[in-house]
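Good morning, everyone, and thank you for making time for this. Please have the structure open while I talk, so that you can find each place as I name it.

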Amino acid sequence: MHDVIIAGLGPAGSTAAYRLAKSGFKVLSFDKEKFPRYKSCGGCISAKIDGLIDFDISPCVEFTVKGAYFTYRSGRKLDITADKPVGYNVMRDTFDAFLLNKAMEAGAEVVEGTRITGFVDKGGHVDVSTSDGRTFSSKFLIGADGAGGVIGREHFGMTVKECAVSITAELPYDNSALCGMDGRLFIDFGTVPFGYGWMFPKKNFLSIGVAGDLSKNSGSIKKSFNELISTHELTSGLKVEDTAGWTVPVYSSSVKSVVKGRALLAGDSGRLVDPFLGEGIYFAMKTATVAADTITQALHSDSANLMPYQAWLENDLFPEFSAAEKVSNLVYNHPRLWYKILENEPAMMLKYFSVIRGEESVQSFYNWVYKRIRSRPWRLLRRWVESKFV
Ligand SMILES: Cc1cc2nc3c(=O)[nH]c(=O)nc-3n(C[C@H](O)[C@H](O)[C@H](O)COP(=O)(O)OP(=O)(O)OC[C@H]3O[C@@H](n4cnc5c(N)ncnc54)[C@H](O)[C@@H]3O)c2cc1C
């Protein structure tokens, strides 16, 4: 009998494994892949990670990000840079293997190349089955098997229907071509309907991609990707061969309970991704941390109560994600107007950087933006209308 079994060893699973094993619990964890494994991702981790973990991730950091060059449909370049870090760019194969190693060093038992196929909650424990036909028992189960993972899909009714779709590629790249533009992300609005495009510099690669709401991009996401690559100054003329498609399981208010008996979901398997920028690495690690602490509490008190995790989501995280949903409606429904506002008031983005750093809440950011826009409706509207005819 293990204390905890973990399905999936991305940032969520490895963080939970690390935290629980470090507290002395008997942790058994599985991933269907062998590490290092590829994960389709921009690989930018927000700087709020600094306050979350008790180890140094700098061996994996390839670029420290202090701002971004924004474009609107590959033009109208806008450099908005802060004086302190906003995020860190990593390659996910290296970063995820690094986190997994931390979990193993802490004492978690790790099985790679084996898939978890399901579980049965027996009341006093869970029986977990694996693709090699074996069954393991534990007091608790963490589903951290990512977007569309079997635990979320089959046992919690999670669906990827209202998610975002994406296309990404890792372009071999000589970063000296950034010519003084280093320390920035490249973010494009307007090319992708209800979404955005990105180019995130790493040491030897440019991680490029587009993502947008499934309902607005069904069948057309590759077209937006090709349009961005062929028109953006960083990539025009370059050949992009290998692309990958992936779902971004952004939060929606249809997400209800991620706790069921002795099992819970963390990270993408529970659709716990910020719905504005699709930021999920930090949230995978944060939800895994709170999940692990809730399980720790339950193990110490010999209880099966995992509801404090659900309560934290509902009281702390979901209100933030709901505010991010409102920001995303504002921005992606009116990308042209939003870009005009950004050009006039770059301070708005500097303020959002402080949200990304975890210094301010999304709710207060949204209220601030809303008041600012409302206090100047005619000027902005006039400029927007004028810009359409210039
Ligand atoms: C195109 C794209 C770009 C993104 N860019 C960013 C970004 O720049 N910054 C950011 O913060 N977030 C980004 N995200 C989101 C981020 O990638 C995810 O939120 C993050 O990976 C979630 O971590 P996780 O551990 O929950 O899931 P994952 O990283 O998906 O890990 C899940 C693991 O579970 C394993 N698994 C699956 N099924 C099973 C099974 N049945 N049994 C055992 N193992 C299983 C998988 O092999 C995998 O290793 C992006 C996502 C996409 C799709």
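Predicted model: local features only at pLDDT ≥ 70, side-chain atom pairs only at ≥ 80, totals over all residues.

The chain is divided into domain 1, made of residues 2-38, 92-160 and 252-305, domain 2, made of 44-90 and 164-248, and domain 3, which covers 322-389.

Let us take domain 1 and domain 2, whose centres, taken over C-alpha atoms, are separated by 28 Å. Their contact draws on 22 residues from domain 1 and 21 residues from domain 2. About 1,900 Å² is buried between domain 1 and domain 2, and carbon and sulfur atoms give 73% of that area. Which residues in domain 1 lose the most area to domain 2? They are Tyr 38, Phe 95 and Tyr 282, which together account for 29% of what that side buries. Two salt bridges are found across the interface of domain 1 and domain 2.

Helix H1, residues 11-22, packs against helix H6, residues 281-300, at an angle of about 35°, with the axes 8 Å apart, and H1 passes H6 in a right-handed crossing. The H1 residues that meet H6 include Pro 11, Ala 12 and Leu 20, and among those they meet in H6 are Ile 281, Ala 284 and Met 285. By class, the residues of this contact between H1 and H6 are 10 nonpolar, three polar and two charged.

The second pair is helix H7, residues 307-333, and helix H10, residues 362-375, whose axes come within 8 Å and cross at roughly 35°. Is the crossing of H7 past H10 left-handed or right-handed? H7 passes H10 in a left-handed crossing. The contact between H7 and H10 has 10 nonpolar residues, one polar residue and two charged ones.

Finally, the backbone, where most residues other than glycine have a negative phi and most peptide bonds are trans. With that in mind, look at the peptide bond from Phe 35 to Pro 36, which is cis, with omega near 0°; Pro 36 sits in the loop between strand S2 (27-31) and strand S3 (44-46). Then look at Arg 76, which is not a glycine and yet has a positive phi of about 50°, and which lies in strand S6, residues 75-81.

How values were computed
Residues numbered from 1 in each chain as written. Heavy atoms only, no water. Axes fitted to C-alpha atoms, helices over the stretch in contact; angles between N-to-C directions. Helix = DSSP H or I, 4+ residues; strand = E, 2+ residues; numbered from the N terminus. Left-handed = near helix turned anticlockwise from the far one by under 90°. Contact = heavy atoms within 4.5 Å. Nonpolar A, V, L, I, M, F, W, Y, C, P; charged D, E, K, R; others polar. Domains from an automatic or database assignment. Buried area = accessible area lost by both parts, 1.4 Å probe. Salt bridge = Lys/Arg side-chain N within 4 Å of Asp/Glu carboxyl O.
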